[in-house]
Amino acid sequence: MARIFAYIAHKGGAHDDTAAELIAAAKKIDPTASPTAIVLGWGADLDGVCATLRASYKEVWKIAHESLAYPNAELIRKALVKVVPPGSIVLVPHEHFGIDLAPGLSIKLNAAFVSDVLAIEGAEGSFLKVVRQEFGGQVSAHVRCDVTSGLVVTIRPGAFKPLEGAAASGNVVDKFAEVGALTAGRRYLETVVAEVGDVDITKYNVLVSIGRGIQEKDNVALAQELADALGAAVSCSRPVVDAKWLEKSRQVGSSGKTVKPKVYLACGISGSFQHLAGIKGSPFLIAINKNPRAPIFQVADVGIVDDILEFLPELTNKVREMRRVA
Amino acid sequence: MEILVCARRVPDTSENEIALNSAGNDIERGELVYSINEPDNYAVEEALQITAKVGGQVTVVTVGGEDDEEILRREMAMGATQAALISDDAFQGSDGKGIASILKAFVQKGKYDLILTGVQADDGGAQVGGMLAAMLDYPFAALVNSIEVLDCKKLKIGREIAGGNREMNEIDLPCVLSIQTGINEPRYVGMRGIRAVASVPIPTHSASDLALDPSTVGGSAAKVKRVDYFVPALGKGAEMLNGSREENVDKVLELVAAKGGLK
């Protein structure tokens, strides 16, 4: 198999959790592989990341430049194209930066491209068989990639478990000299931090979380009434924010808030991995959804196939009744 | 500003229970409800809002077959001035790179300042926009959730990054942007609007019209191929409550209380 590289995402001098996951993914491609980490950045932050990575990667390629102090996908693509040998396999985390970088990188490396891979079944000759999900996770697909001229693959964060005891004491190799001048048609300006919002959903033990199944803005009240009765807060998945039915600050997921409640009531939420990525601390997850094939039922503790528009008011009444008795 | 939006017709995940066909090589397509890929619809709306402010025209293009024409008409009913269907038997089995190659050939026949795609399709790889940009040597940004026209040479754009934060960038035109859902509120399209454009001719372009080398597109050029579909056995799955609604309500309440959710 070809040489394998791992693109290391990092921030504030610390590498992302995916750094270890990409090693696990590389070993699924080729059990004998020793992937090379590629880290781009600037200053003490970059040096810190490289020093830490030596513990798990045998070789760490470092590319330092002032223009890379904030990760610009176009500059980074141009740098990678200069240093990555033809025919290589490049692993990139499937998050906002990987989605920005990887497709164009595959074109410039003349490599095959496959995205959001959550399992690797192994290599057969010059082919690699991987698993992806489609249709919001309702079905999975085996995908066969011809890696003869290389492969760029984005790996779903959290899908590959880091290997135990993979000590390396690796070398850091400075590759800056091979890169030269970099220019881009896109320039980073600033990061606008998310607004806090009226309700801090990260502070609640119980969340009544609604998804597309709530159907229209007026129905949000059904969830709010239940939340009020329970002493809970209403949170939501992406479609509810897209439709402007709730503020962005109520959104749970990789592009929203990370929450750690004790109980999570997923109401009319299909359960995309981006949404599930925002639920931490293994809460007791109760899912109510009309679609018996909704992926949320694969991860929930308890599931009910029902229409939330009818189920939620009955549950609210029951809670109120119980409160009166108590 | 001349804007091209690349759109697709897909089975609507929110409207369908997706199941496998008996052979396991595809999903069961007989009863599926199709619609425009949701992020693509936001992309068309964004294009219309930009041209309403600064002038210009919006063209919507799709690679597909006769059935796909319906989404082009829908987007024309929204306000797109032109549409084009790129269709050829030679395109069957194209992978993401193949589709990007086809779109590149189409782009090069026209003159566009800005090209928009949806960030991803439900059966897609969030790939065609980034590939198209690289092929054209245009700047690119993925997950765009705000666009402001600064002048005829550049835009100020926001990208959705982790934690609800937004990364602001300046980007030179011409460029390719992949549009995230929620960037705007797409306008409603009624039956009357669709009927109004029902007889507008939509040009079809074949591989030869676009001077495409057939060896660069279609199944034979595809390096990435779906082998089959399957439904994975993931974890233990939820304990399904199959009682009456009243019984289920009682059980949920009991569980919420037991897990410390009632104070």
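**Labels and what lies behind them**

Mentor: Let's begin with chain B, where buried residues make up 49% of the 263 residues. This is a predicted model, in which local features need pLDDT of at least 70 and side-chain atom pairs count only at pLDDT 80 or more, while totals for chains, interfaces and linings use all residues. Residues are numbered from 1 along each chain as its sequence is written, and chains are lettered from A and ligands numbered from 1 in the order in which they are written.

Trainee: What makes a residue count as buried?
Mentor: A residue is buried if 20 or more other C-beta atoms lie within 10 Å of its own, exposed if 12 or fewer, and partly exposed in between, with C-beta atoms placed from the backbone. In helix α3 (residues 73–83) of chain A, the residues that pass this test are A:Ala73, A:Glu74, A:Leu75, A:Ile76, A:Arg77, A:Ala79 and A:Leu80.

Trainee: What covers the buried residues of α3(A)?
Mentor: Their cover includes β4 (36–41), β5 (59–64), α4 (96–108), α5 (176–179) and β13 (186–192) of chain A.

Trainee: How many helices and strands does chain B have?
Mentor: Chain B has 7 helices and 13 strands. Both are DSSP runs numbered from the N terminus: helices are H or I with at least four residues, strands are E with at least two.

Trainee: Why is α3(B) called oblique to α4(B)?
Mentor: The axes of α3 (residues 96–109) and α4 (residues 128–136) of chain B come within 9 Å and cross at roughly 50 degrees. That angle makes α3(B) oblique to α4(B). Angles under 35 degrees count as roughly parallel, over 145 as roughly antiparallel, 65 to 115 as roughly perpendicular and the rest as oblique. The axes are lines fitted to C-alpha atoms, for helices over the stretch in contact, and angles run from 0 to 180 degrees between N-to-C directions.

Trainee: Which residues of α3(B) and α4(B) meet?
Mentor: Among them are B:Ile99, B:Leu103 and B:Val107 in α3(B), and B:Met131, B:Leu132 and B:Met135 in α4(B). Contact here requires C-beta atoms, placed from the backbone, to lie within 7 Å. The residues of this contact divide into 9 nonpolar, 2 polar and 2 charged. Ala, Val, Leu, Ile, Met, Phe, Trp, Tyr, Cys and Pro count as nonpolar, Asp, Glu, Lys and Arg as charged, and the others, Gly among them, as polar.

Trainee: What takes part where chain B touches chain A?
Mentor: The contact takes 72 residues from chain B and 74 residues from chain A. On the chain B side, the largest share, 8 residues, comes from α7(B). That side divides into 35 nonpolar, 17 polar and 20 charged residues.

Trainee: Why are α10(A) and α7(B) called oblique to each other?
Mentor: The axes of α10 (residues 308–325) of chain A and α7(B) come within 10 Å and cross at roughly 55 degrees. They are therefore oblique to each other. The contact is made by A:Phe311, A:Glu314, A:Leu315, A:Lys318, A:Val319 and A:Met322 of α10(A) with B:Arg245, B:Val249, B:Asp250, B:Val252 and B:Leu253 of α7(B). By class, this contact has 7 nonpolar, no polar and 4 charged residues.

Technical notes
Two residues are in contact if their C-beta atoms, placed from the backbone, lie within 7 Å.
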